[in-house]
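Subject: Structure handover

Hello,

Please find the structure below. My notes on it come after.

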Amino acid sequence: MRKIVFVLLLLASTFGVNYAQTVSGTVTDAADGQPLPGVNVSVQGTSNGAMTNALVFSFIGYATQNVSVNGQTTINVVLATDDQVIEDVVITALGIEKPASGVTYSTQKVDGEELTRAKDVNLINSMAGKSAGVVITRGASGLGGSSKVVLRGNKSIAGNNQVLYVIDGIPMNNANGTQSGDLYSAYDGGDAISNLNPEDIESINVLKGASASALYGSQAANGVILITTKKGKNGVSDISFSSTTTFESPLALPLVQTEYGKTTPTGYENWGTKTSGLNANHLEDFFQTGITSINNISITSGNEKNQFYTSYANTSGKGITPGNELFKHNLTLRGTSQVTERLRIDVSANILSQKVNKRPYGGYYFNPLVGVYLFPVGDDFAQYEEFEKFDASRNFNVQNWDYSMDQGGLSFQNPYWVAERNPSYAIRNRLLSTFSAKYDIAKGIYAMARLNYDKTTDEFEQHIYASTDQVISHANGEYTMYNYGTSQIYADVLLVGSKELSESLTLDATLGFSTTSNSDKGFRASSFTNDLDGSTHKFGLYYANLFSLGNINGTSDFAKRDYKVEAFSQAVFGNVQFGIKKMLFIDFSGRNEWSSTVNKTFFYPQVGASFIVTQAITPTDAFTYGKVRLSYAQVGNALPFGYSNTNPPYGILPGGSPIGAQAKPMPGTDLLPERTSSFEIGLEARFLNSNLFVDATYYNTTTEDQVFRIAAPAGESETPYYYVNGGNIKNSGIELSLGYNFIAENGLKWTPSMNFSTNKNEVIELSDKLDQPFVTVTSMDQSKIYELRIVEGGSYGDMYGYKFQRDASGNILKDGTTGDPLRTENVELMGNANPDFLLSMNNTFSFKGLNLSFLLDGRFGGDVVSVTESYLDERGLSQRTADARNGSFVVDGTSFDPETYFKAVGGSAGIGEAYVYNATNIRLRELSLGYSFGSKFFGGAIKGLDLSLVGRNLFFLYKDAPFDPELTLSSGNGLQGLEAFSMPSTRTLGFNLKVKF
């Protein structure tokens with residue numbers, strides 16, 4: 001029998017004396033006496049950082065052993081299997097650990113290393129492609145923008161569809177910044193999850209279905225992203241430093257033609273004659289190279305009694321548009337202490353300070369890309385880099401621009417002026433603090449109490465300088481500011497117990513109570529009255545370019561408002577699980593909830609079971625582990641925040657006058673939270689000595705009691721509209737994860753994994769109280785060529801617009817007089833914004849310090865609509881208009897004059913069908929190539945150093961749309977599948993350094 005020999009060099013420092021020792025031996029399996037290849041052997045550390053003379057032997061599926069050296073030169077170790085190690089431990093709802101065998105629902109773990117290998121300013125973007133069924137859509141708003149995260153499909157028509165974030169078992173206050181669903185001012189204020197430091201995260205568990213998140217009740221309809229943060233560890237003393245610097249550039253810009261000149265010398269269309277020497281360099285010249293630097297230092301120390309973890313991270317970034325900057329500081333402190341033999345406390349604080357300057361808008365107004373993308377080919381763009389010039393009549397600088405600014409609903413301004421003289425400034429400060437105490441009552445039984453305070457304050461200003469397009473600004477300029485604060489106080493008490501009732505029966509139980517208080521409070525002032533009451537009047541400023549509250553012109557009652565909204569909820573909940581012969585686990589849980597927004601209580605049940613196949617049959621090397629699970633649960637989706645019969649009106653003007661009237665339920669009815677019922681069945685299996693794993697799930701969910709807002713009868717109510725319940729949306733789908741661990745004899749390690757998911761969404765019914773047979777999420781008035789509708793019998797994300805009239809053979813019909821293509825009389829279904837399925841493949845290689853990791857990520861199916869392309873066509877700027885002019889032009893069997901055709905289908909009154917693109921795309925999502933230098937390279941001065949080249953979003957392997965189809969203008973429900981002068985996605989490349997002392 002070939003012996004497996006381990007050789008370990010012990011380096012220690014005790015009272016300043018250095019020594020080294022070589023130890024050899026054999027590690028064998030206790031079951032059959034065979035040697036175990038690839039056993040991990042390390043030196044046990046102590047709290048003061050010195051090495052002991054104890055070795056730690058660990059191997060997947062086996063119990064870890066600590067062995068004292070005591071001068072021995074030969075040590076033989078026998079490792080026994082450990083059932084708990086084989087099946088792993090899963091972090092579940094409320095942060096409670098459970099053996100994986102007893103988990104009756106789908107969950108998937110992502111290690112913290114996956115978030116820091118190739119960092120993103122918003123850490124949740126690093127999750128893309130790494131968990132089956134998780135759809136992450138990045139915002140098109142530059143540095144620190146929001147991302148939309150949806151699990152198992154959209155469920156709510158008017159409510160929230162984003163996941164619940166939970167940190168160490170406690171729901172996070174999802175304090176998102178301003179999110180606009182309006183194309184005339186598409187602003188993204190950032191999201192709450194981007195506030196966290198990825199270096200503080202130990203792991204993330206995705207609780208995908210209602211069964212996994214049932215104990216969170218009305219917060220849990222959309223699934224849970226459960227974050228476990230780092231803390232100090234007994235016997236570990238480390239100082240870690242990491243630095244990431246990345247450079248980014250636009251990945252997908254519009255294709256603009258350079259063959260045909262302007263129609264007229266002073267115009268802005270390019271339907272002129274063929275001209276040589278043209279270029280479209282302005283598309284690239286406007287954008288600058290973005291640079292982001294993220295530096296982090298963390299300190300970990302601990303002994304048996306006290307453990308401590310702290311970190312500080314500094315993020316600074318320059319975006320790809322002029323002036324766009326981000327500065328972020330994160331400070332984390334966490335201490336844990338074994339106060340007595342039975343009492344353990346855990347205290348933590350996370351402090352954030354962030355500032356974002358000149359974050360770009362999307363859509364039609366305040367967006368520099370309107371002027372960049374629609375700039376006439378052949379004109380001199382460089383002359384407008386000097387974006388302002390002195391106006392003697394006004395005695396200050398005004399916008400340097402020679403074109404009409406108001407162009408059919410578009411604000412066509414000098415892009416540099418928009419970036420520098422229509423700026424926004426956003427400041428966010430946040431404190432997230434937690435205290436918990438755990439008391440061991442008896443063996444296997446403990447009580448825990450937790451208190452969390454999460455406070456966020458936002459300050460925002462927008463300065464609109466004089467000579468800005470007067471469709472959107474007063475002649476003297478405009479000023480908007482607001483101060484906004486949101487806070488959450490959460491507390492719970494848990495009693496958790498585990499008991500072996502007999503040799504074949506175990507009991508695990510949790511009983512708890514929680515209370516949550518949320519408060520929003522703010523003050524806003526603006527010289528734009530359309531920000532306040534829907535009016536289009538602009539008060540403007542008394543004195544040009546002086547941005548202060550006292551300089552706002554007009555009636556103060558319309559310029560200012562205060563508001564405060566509060567909501568409270570309480571719940572009792574419990575979970576009981578019986579384990580029979582470690583083979584069958586039956587799980588029950590329930591949550592009874594009270595809320596200030598509802599006049600009654602609600603109960604959310606869950607029941608599940610898991611069967612361990614390999615406890616019923618003898619496992620083999622080929623079939624190591626098998627499990628079948630089944631569960632059913634109901635959860636809720638909270639009512640619109642601020643809805644309450646007891647709250648004051650949402651906004652208060654000076655003198656106590658309300659802004660608008662508060663929405664109420666229809667007389668004679670109680671408004672209920674939306675309720676999601678979910679069934680799922682799944683299996684988990686491991687093969688080839690647990691090196692190959694499979695996890696598959698089928699789920700079916702229905703969401704009833706959808707919340708709708710309907711108009712109240714005129715003159716019959718104090719409120720202009722009512723909230724009513726009704727409707728049903730169904731989601732069903734399949735999730736599949738595969739993985740393999742390969743270790744060659746030469747030390748090469750390869751870990752491939754794959755995630756697949758597909759979801760089918762169906763709108764079963766809508767409310768019979770609606771005044772039309774559909775719900776409009778984004779109207780045609782906004783996009784001109786697209787309307788997002790929810791129609792009974794259709795799917796969430798259905799996009800409607802005008803289509804071509806066609807004959808029986810599918811040929812486009814045209815007007816016999818004008819030659820224009822004919823469009824349908826009414827809007828029709830053009831496509832759906834959601835993908836048919838997702839597929840990603842992650843590969844990690846390591847060999848003697850060299851590490852390579854790359855992620856291929858694909859979204860297949862679905863559709864997107866481009867407003868940008870429609871305007872490029874109308875003006876003769878797109879490459880397709882040049883191609884059409886270079887030969888005979890036939891579209892779907894019908895010949896057209898190119899200018900006639902594109903002016904008819906493009907622009908604000910166009911035919912949306914012409915601008916629907918397949919959203920299928922496959923990209924190299926992430927790449928990391930590096931080398932790990934062990935301590936021997938540095939003579940033991942440091943514990944290790946990792947240096948790597950990193951990249952994100954490097955290129956597309958396939959893409960049909962002329963832009964990145966994954967970007968979104970809003971993380972809300974509106975504007976799905978729509979591109980409108982959006983910021984381009986970026987290619988990121990840089991390097992990452994990690995040092996451990």
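This is a predicted model: local features need pLDDT of at least 70, side-chain atom pairs count only at pLDDT 80 or more; totals for chains, interfaces and linings use all residues.

Residues are numbered from 1 along each chain as its sequence is written, and side-chain values use heavy atoms, with hydrogens and water left out.

Sheets

Helices (H or I, at least four residues) and strands (E, at least two) are DSSP runs, numbered from the N terminus. Two strands pair if DSSP finds at least two bridges between them. As background, strands of a sheet pair through backbone hydrogen bonds, either parallel or antiparallel.

An open sheet is made of five strands in the order S12-S17-S18-S15-S16, with mixed pairing. Strand S12 (107-111) and strand S16 (170-171) are at the edges with a single partner strand each, so one side of each has no neighbour in the sheet. Within this sheet, S15 (residues 164-167) and S18 (residues 224-229) run parallel and are joined by four bridges. Tyr165 has Ile225 in S18 as its bridge partner.

Strand S52 (residues 863-866) pairs with S55 (residues 916-918) in the antiparallel sense, over three bridges. Here Asp863 is opposite Asn918. S52 also runs parallel to S59 (residues 978-979), to which two bridges join it. The bridge partner of Val865 in S59 is Leu978.

Helix H10

Is H10 enclosed by the rest of the structure or left open, and why? Buried means under 20% relative accessible area, exposed over 50%, and partly exposed in between (1.4 Å probe, protein chains only). Seven of the eight residues of H10 (residues 867-874) are buried, so the helix is largely enclosed by the rest of the structure. Among the buried ones are Val867, Glu869, Tyr871 and Leu872. At the start of H10, the backbone nitrogen of Thr868 has a side-chain oxygen of Ser866 within 3.5 Å. After the helix comes Gly876, with a positive phi near 70 degrees.

Salt bridges

A salt bridge is a side-chain nitrogen of Lys or Arg within 4 Å of a carboxyl oxygen of Asp or Glu. By this rule there are 41 salt bridges.

- Asp768 and Lys769 form one, with the closest N and O atoms 3.8 Å apart. Asp768 is exposed at 70% relative accessibility, and Lys769 is partly exposed at 40%.
- Arg789 and Glu787 form another, at 2.6 Å from N to O. Both Arg789 and Glu787 are buried.
- Arg952 and Glu926 also meet in a salt bridge, at 2.7 Å from N to O. This pair links distant parts of the chain, 26 residues apart: Arg952 lies in strand S57 (residues 944-952) and Glu926 in strand S56 (residues 921-934). Arg952 is buried with a relative accessible area of 7%, and Glu926 is buried with 3%. Salt bridges that share partners join Glu926 and Arg952 into one network with Glu113, Glu114, Arg117, Asp120, Lys130 and Arg138.

Glu680

Glu680 is in strand S39 (residues 674-687) and is buried, with a relative accessible area of 1%. The side chains of Glu680 and Arg152 are joined by a polar contact of 2.9 Å. A polar contact is a pair of N or O atoms within 3.5 Å; within protein, one must be able to donate a hydrogen and the other to accept it, and residues adjacent in sequence count only if both atoms are side-chain atoms. Leaving aside neighbours within four places in sequence, Glu680 is in contact (heavy atoms within 4.5 Å) with residues including Tyr105, Arg152, Arg629 and Tyr698.

Regards
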